[in-house]
Amino acid sequence: MPGAPAGIVRARGSALALGLLCLAGMVLLVAFFSVTVGARPITLETVWTALTAFDPASTDHRIIWELRLPRTAIGLAVGAALGLSGAVLQGATRNPLADPSILGIHAGAAVFVVLGVAVFGITQLGMYVWLAFIGAGAAMLVVYAVASLGREGATPVKLALAGAAMTAAMQSVTNAILLTSPRTLDEIRFWQVGSLVGRDMDIFIQVAPFLAIGIVLALASGRMLDGLSMGEDVARALGQNVGRSRAIAGLAAVILAGGATAAAGPIAFVGLTVPHVARAITGPNYRWILPYSMLLAPILLLGADVIGRIIAPPGEVQVGIVTAFLGAPFFIALVRRRKLATL
Amino acid sequence: MTIDHQLLAAGIDLGYGERKVVDDLSFTIPPGKLTVIVGANACGKSTVLRGLARLLAPTRGAVYLDGKPIHQMATRDVATILGVLPQSPIAPDAIVVADLVGRGRYPHQGWFRRWTQEDDAAVAEALRATNTLDLADRPVDELSGGQRQRVWIAMALAQQTEVLLLDEPTTFLDINHQVEVLDLLTDLVRHSGRTVVVVLHDLNLACRYADHIVAMKEGKLVAEGRPADVMTESVVANVFGMTSRVVIDPISDTPMIVPIGRHHTGATLIA
Amino acid sequence: MTMLDAAGTIRHIRYRLATRRRAVTLALCALLALTFAVALYLGDYDVPPGEVLRSLLSPLTGLTDKGIDFIVLNVRLPRATLAVLSGIAFALSGIIFQTLLRNPLASPDIIGISHGASASAVFCIIVLGLSGAGVSLGALAGAVLTALVIYALSWRGGVTAYRVVLIGIGMAAMMAAIMSYLFTRARIFEVQKALGWLIGSLNASSSSDVIGLAIAIAILLPATVLLVRALDAMQLGDDTAAALGARVEAVRLGLMLVAVAYAAFATAAVGPVTFVAFVAGPIARNLLAGSGKGFVQAALVGALVMLGSDLLAQHALPAVQLPVGVVTGVFGAGFLLWLLIVSNRAGQVN
């Protein structure tokens, strides 16, 4: 019957759309917790008044506005950016192990930040943002350029190899500087964990436009990624410009990952695992994987951040650490159930 | 002279994880003959071959080689009797043809590998039989699909086993090479007395070359025997879901299946 | 062509391949020997070759010179030997993983083993305040424990390569998180110490490090030789390998154990200099161009990279002694990039 398959596809689409709505709801829930939960107990009433009738004299109100709201906003933005950039990279490189750190983005950001701190004595988090951005972009450019040499252009394997080589080289430089400058080491060891602490609205405003561009680019590339996933030859036969698709995807990934790293430091693992989880739910269609990744990642990230605030009073555990501890067992459980893509 | 080996499956179930692919299958491979397994895609013919080749353990029943359950025999012992060419073998990068075919000698070489005259001769013979001797020095990844396939067959031949199991060995080959390979397998059976089992998807070539044909559908055995006895229009309809006319191949005197489709129904011919 | 001629052709092809293999191996050995000699000669005090020789033979001949002997026998010889041994161990670990997983990106740090060793070492340094042999043992214990956990988690009626790698990645992330956590909680000088270990250094090499690693390698090598033999079949795919009579699962398990052991012992001795593990295999195979599996050659390349990097690290910058890990990163990366740039044969990078 000709109608039946279309009907099935429509039904599946509706189920996924429903799922997306649920996820959006969960994002809001996590954001809610992020604003209301913290080391300092603040009642819901106070939160409400802080949002509606701000009183600059009240410490609680200022905590809400100057600490928790920016933190929440950045957590959401960074999470979405990481999840999307990982998904885009995995699609563009056809490698389920791809994530921003594989292509040298984190190492590039780190080496530039370290150089900035060691050589120029930069200590403001706001300046780190630009350094990280430039470093991430520069690293990705070099990796892409090197991988494109030779006859076949930037194939997935060559990209990953070039990324690994550049990462090692940049890490060596970073380590050399850190070893010789204890002051730099002292600064960097906190940044390099990945944290949402101490990031204020200024930082959010600095990176938000870039992340917005990146998100739009990434979501728009869904169709191209579906094409690429069938292999270059098939994609070309279907009329797709493979080189341009890869370039757009790469650009989106760099902007997103660079921006995320700039804002919160190098948080690994989110970009790698969230797309796998998304794919386990949605199947191999990138037009669904991308929005699902975009919503799942902030849930993980912000959720981890909230947990980090409450598990080690009176201090906090940085989000980069909690994410790994939460995400890894979950990821391992998924692997054991064979729900993930084979290599 | 070659020993006749007895290979049979007794009530085997084969599957992957939860999925059962082959259901309660029993049949005997006639020794010293060319047996062809045919069936629609995903009917389980490759799975059966893997079961016979000791690559997949049956969840029920057993495969017997010379009266012993094959899964209780040591892998190396089996490898000196059964030669197998599975689907999609992998060629290591930059490997040279002679080297790859030489890997077929693995079961005959002990821990302290020493290449003997015999090994070289076996490799050379295998290459000659598959018409790939002039390719001996070339890297495998530079060969065409058909040439590569013949090199893989040569590797299986270099094992010099008395029983040979091949899973769709003719897939990438031009028709002339397909015939060449099947002629070669026939030589092995007629002149060296070996037992050969092949999975083929080309029904007509199967009928032409098989001494014994096994037809499968959805994991079960539908028919087995001589092609002339087994391949009837109703069997073809059952196994492949296709109406056909079965005529006699004018060259080989074996059944030839002529498909009847929507555009070619034979209606315009005088019956 | 008669059958005798044909067999002769095959033999000639085999000889040609073997000749290339031997040539590459010989060249690598010669280069290694030369580098080793330079390592004994070069330093704050350059020891002339004649003196080096006399020093090396002094246990037999009794002709000693306390000062020079100390430099050569107690400082440079252990260090150079440790570089060679750890290079061999890392390289073998890397090429085993790459061959088993049929992926040039495989290496012990992808599997998470070296992260386990590192996290354990950092724990020993920062929390337990250990140093030297204590840290090495801790690293070893960490590697073994991590390997066991990964194996246990990967087991589900058998172990598949992809499950091991993916679970290894998860474990690596957790280990990295542990290390980051410790870094943020410790005092700065402890962090420095830990970082120093993490970068990989031959600085504190003593005879006991060398002997420990040498014994480990001596035990693992015979096992490696036997198991690698089966790779002739296993490289062709699991089905074909089984058809040729290889005991696929047993060999794979054995090889993974051996590879983990190499990585664990080498990491315990010099820290996680895993880039050597990553590059040695591809470099060796590139030199061989299809004439062999490359294990012997990879071991030699690993030793060469390690020793060469250490020489550079010690002597390249005046008045600054870099740890070897920094140089291997740059060196290995450079070589890999060069490989990528010059490769224009289809599939060569793979």
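# Chains B and C of a predicted model

Modeller: In this predicted model, chain C has 350 residues, a length for which a compact globule would have a radius of gyration near 20 Å, and the 22 Å found for chain C agrees with that.

Biologist: What percentage of the residues of chain C count as buried?

Modeller: The C-alpha trace of chain C spans about 70 × 55 × 40 Å along its principal axes. Among contacts in chain C with a separation of 6 or more, 74% are between residues 24 or more positions apart. Of its 350 residues, the share that counts as buried is 57%.

Biologist: Is C:Ala214 buried, exposed or partly exposed?

Modeller: C:Ala214 belongs to helix H9 of chain C, and its C-alpha atom is separated by 8.5 Å from that of C:Leu82, 132 residues away along the chain. A residue needs 20 or more C-beta neighbours within 10 Å to be buried and 12 or fewer to be exposed. C:Ala214 has 17 such neighbours inside 10 Å, so it counts as partly exposed.

Biologist: Which element gives the largest share of the side of chain C that touches chain B?

Modeller: The contact takes 36 residues from chain B and 29 residues from chain C. On the side of chain C, the elements that give two or more residues are helix H1 (3-41), helix H9 (207-234) and helix H10 (238-243). By class, that side has 15 nonpolar, eight polar and six charged residues. The largest share, nine residues, comes from H1(C).

Biologist: What is the radius of gyration of chain B?

Modeller: Chain B has nine helices and 12 strands as its secondary structure. The globule rule gives 18 Å for its 271 residues, and the value for chain B is close to this, so chain B is as compact as a globular protein of that length, with a radius of gyration of 19 Å.

Biologist: Which strands of chain B stand at the edges of the sheet, each with a single partner strand?

Modeller: Four strands of chain B form an open sheet, with antiparallel pairing, in the order E2-E1-E4-E5. The strands at the edges each have one side left without a neighbour in the sheet, because each has a single partner strand, and they are E2 (19-29) and E5 (68-69).

Biologist: Which residue stands opposite B:Ala9?

Modeller: Strand E1 (residues 7-16) and strand E4 (residues 60-65) of chain B run antiparallel and are joined by five bridges. The residue of E4(B) that stands opposite B:Ala9 is B:Val63.

Biologist: Which helix of chain B packs on the sheet?

Modeller: This helix touches E1, E2 and E4 of chain B, and its direction makes about 120° with that of E1(B). It covers residues 45-52 and is helix H1 of chain B.

How values were computed. Residues numbered from 1 in each chain as written. Chains lettered and ligands numbered in written order. Predicted model: local features only at pLDDT ≥ 70, side-chain atom pairs only at ≥ 80, totals over all residues. Rg over C-alpha atoms; globule rule 2.2 N^0.38 Å. Pairing = 2+ DSSP bridges. Contact = placed C-beta atoms within 7 Å. Axes fitted to C-alpha atoms, helices over the stretch in contact; angles between N-to-C directions. Nonpolar A, V, L, I, M, F, W, Y, C, P; charged D, E, K, R; others polar.
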